[in-house]
Amino acid sequence: MQGKDLLGLEDMSRAAIEEILDTAGPMREIMHRGIKKVPALRGRTVVTLFYEASTRTRVSFELAAKYLSCDTVGVAAAASSVTKGESLKDTARTLAAMQPDIIVLRHPRPGAAALLAREVPAGVVNAGDGAHEHPTQALLDLFTVREAKGRIEGLKVAIIGDIAHSRVARSDIWGFSRLGARVFLAGPATLMPEAVEETGARVVPLGEALYDADVVIMLRLQLERQQQGLLPDLREYAAMFGLNRERLAMARPDALVMHPGPMNRGLEITPEVADGPRSLVERQVENGVAVRMAVLYLMAGGGAKTHDALD
């Protein structure tokens, strides 16, 4: 790991990313044991601080911590002093005074995790900051693809949908590109951020993105973050950009279908594709726990002797 925090993949080296992916393998083994717990991080404390609703990310971080024998404390902003007007900086100082080892933060504003990291000695994990980054989602996507395909290098990855509002898309672009994949983006022009091709990804029509793709990542249409007028009609969006069986046939016969969830079934993806034989959506959720175990373990000082520490 680079430094005490995991704030994003934009500045993370290939070696650091691969260290996390390599560590996640043994963590998956723990999840399939009869007793899903090892003493690797006994005595450490992890706080999850969520300013936005979450199921997959929050629960998987809490399970990851528990499987490693951490003490965990969950803080929901709606039930905290945030409702009384407390700022993130003051919340950070309050939590720091309680001496946690790691704080996992989800926040609606880009840069919130970086601000928290400057204020506390604890390690900070960015669990999603606005439309900026969601690094552990990208790491679990990378782990899932590498597990299924045996490699990332040279693969064609198509990311489809609401790119502008997706922190997952940003982290996936950085992660897949750094590990040698070719990343293609497609979606409505109104939902494509400016200068996104400076990341190395290519913006192309939907058919070109899907053609011969090894991996197709569909994104949730984030209506809660959008301004009015960006889309003419949801039915038209589904007709033009939704992934159905016919469009999936444009990709390679062994192409993987992924989605960070939650899914808008029938909008960005049809049920027959979401539940089809090429869908790895449920595997992504399972791998999310393993990858977040790896992140917590490495941030807390775990190293190369992973197997010995997990026995």
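## Charge and model basis

The chain carries 37 positive and 39 negative side chains, and the centres of the two sets lie 3 Å apart. Lys and Arg count as positive and Asp and Glu as negative, while His and the chain ends are not counted; each charge is placed at NZ of Lys, CZ of Arg, CG of Asp or CD of Glu.

The model is predicted: local features need pLDDT of at least 70 and side-chain atom pairs count only at pLDDT 80 or more, whereas totals for chains, interfaces and linings use all residues. Residues are numbered from 1 along each chain as its sequence is written, and side-chain values use heavy atoms, with hydrogens and water left out.

## Overall fold

The chain comprises 12 helices and 9 strands, assigned as DSSP runs numbered from the N terminus (helices: H or I, at least four residues; strands: E, at least two). Along the principal axes, its C-alpha atoms fill a box of roughly 55 × 45 × 35 Å.

Of the 311 residues, 54% count as buried (under 20% relative accessible area with a 1.4 Å probe, protein chains only; exposed is over 50% and partly exposed is in between). Residues 24 or more positions apart supply 75% of the contacts (heavy atoms within 4.5 Å) with a separation of 6 or more.

## The surroundings of Arg 245

Arg 245 is found in helix 9, residues 245–248, and is exposed, with a relative accessible area of 53%. Not counting residues up to four places away in sequence, Arg 245 touches Glu 272 and Val 273.

The side chain of Arg 245 makes a polar contact with that of Glu 272 at 2.8 Å. Such a contact is a pair of N or O atoms within 3.5 Å; within protein, one must be able to donate a hydrogen and the other to accept it, and residues adjacent in sequence count only if both atoms are side-chain atoms. The C-alpha atoms of Arg 245 and Val 273 are separated by 6.2 Å, although the two residues are 28 apart along the chain.
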